[in-house]
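Please read this briefing with the sequence and the three-dimensional view side by side. The points below are grouped by topic, and each can be checked against the model.

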Amino acid sequence: MDTMRERFAATVSRLLDDDPRLAVVLAEIGKDGFTDAARAHPDRVINVGIREQLLIGVGGGLALTGMRPILHTFASFLVERPFEQVKLDFGHQGVGGVLVSAAGSYDWPAGGYTHMAPGDVALLDTLDGWTVHVPGHPDEAETLLRDAAAAGDDSVYVRLSAHSNSTPRDIAPGRFLTVREGRGGVVIAVGPMLDSVLTAVEGLDVTVLYATTVRPFDARTLRATAGAGAEAGAAVDVVLVEPYLAGTSTAAVNDALADRPHRVLGLGIPRRELRRYGTIDEHLAGQGLDPASLGARISGFLR
């Protein structure tokens, strides 16, 4: 199976052939995936070198001319380092584009904390109007990338990861997918956390919702799910499992259920810095996001 990044390069290279409005802007990282596309479209595949603020500035400038820019590098260099440019060159200018990240929260632990971005989605949440996609499989990444490229002039963030579920799901951009149904609570698994969540809740009578778009937050599906089979006025328990900063979407859950008694547990990457580097699986265990740890935390909360 190819990776999400490999699927990104292949998909966007084909989209460049079909849509003259699209342009790709790179900051050295990922350039090898666009070698053929750069030969075919030298005016629309731009590598600015290791200059992340310029990466965003060039993208914003292209958007001002009516182009649809797709910008790519590691999440820490795409969202965190040039955040002022994201805020001003896109948001303040009133233009849109597609930011496509890699490396996620801990995809390359050997790169150290400079290459980790557990706070990227929370940081973008301080800005207005961004759509945020978090695919859990390369097939889902392609679906969401195609949707983002065709999304008019909207601002879209697509968070790719080396962490992937074993099989793709039949997702619809912007909607949560009901993977299983139960009566003892709702567990929302975001992107690549789905496989671990399904293992963790084996034997629990819970509904599992699968979220590959987290902004806008699909409040309608959550409300419908929370109300299904529940007695009038009964409290709803919701567990949110995100592959980035814990609690990033708890406010969205609270807003969705504002008129109903409910409890929310937000699981994800804690604020404390994990200063030991290992594999992705070791980081999942260290952050309490492996199936065994999730099972204990979810069942303890629901009990």
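Which residue in E11 stands opposite valine 186? It is valine 238 that stands opposite valine 186, in a model that is predicted.

**Strand E11 and its neighbours**

- Strand E11, which covers residues 236-245, is mostly covered, with 10 of its 10 residues buried.
- With strand E8 (residues 186-190), E11 pairs in the parallel sense, and this pairing runs over 4 bridges.
- E11 also pairs with strand E12 (residues 262-269), again in the parallel sense and over 7 bridges, and within this pairing valine 236 has histidine 262 of E12 as its bridge partner.

**Strand E1: burial**

- Strand E1 (residues 22-26) is largely enclosed by the rest of the structure, because 5 of its 5 residues are buried.
- In a regular strand, the side chains alternate between the two faces of the sheet.

- E1 pairs in the parallel sense with strand E3 (residues 68-74) over 5 bridges, and alanine 23 stands opposite proline 69 in E3.
- E1 pairs in the parallel sense with strand E2 (residues 45-47) as well, here over 3 bridges, and leucine 26 stands opposite asparagine 47 in E2.
- Together with helix H2 (residues 35-40), strands E1 and E2 make a β-α-β unit that is right-handed.

**Serine 299 in helix H12**

- Serine 299 is found in helix H12, which spans residues 291-302.
- Is serine 299 buried or exposed? Its relative accessibility is 16%, and because buried means under 20%, serine 299 counts as buried.
- A polar atom of the serine 299 side chain lies 3.3 Å from the backbone oxygen of alanine 296, which is within the 3.5 Å used for a polar contact.

Conventions. Residues are numbered from 1 along each chain as its sequence is written. This is a predicted model: local features need pLDDT of at least 70, side-chain atom pairs count only at pLDDT 80 or more; totals for chains, interfaces and linings use all residues. Side-chain values use heavy atoms; hydrogens and water are left out. Helices (H or I, at least four residues) and strands (E, at least two) are DSSP runs, numbered from the N terminus. Buried means under 20% relative accessible area, exposed over 50%, partly exposed in between (1.4 Å probe, protein chains only). A polar contact is a pair of N or O atoms within 3.5 Å; within protein, one must be able to donate a hydrogen and the other to accept it, and residues adjacent in sequence count only if both atoms are side-chain atoms. Two strands pair if DSSP finds at least two bridges between them. A crossover is right-handed if, with the strands pointing away from the viewer, the path from the first strand over the helix to the second runs clockwise.
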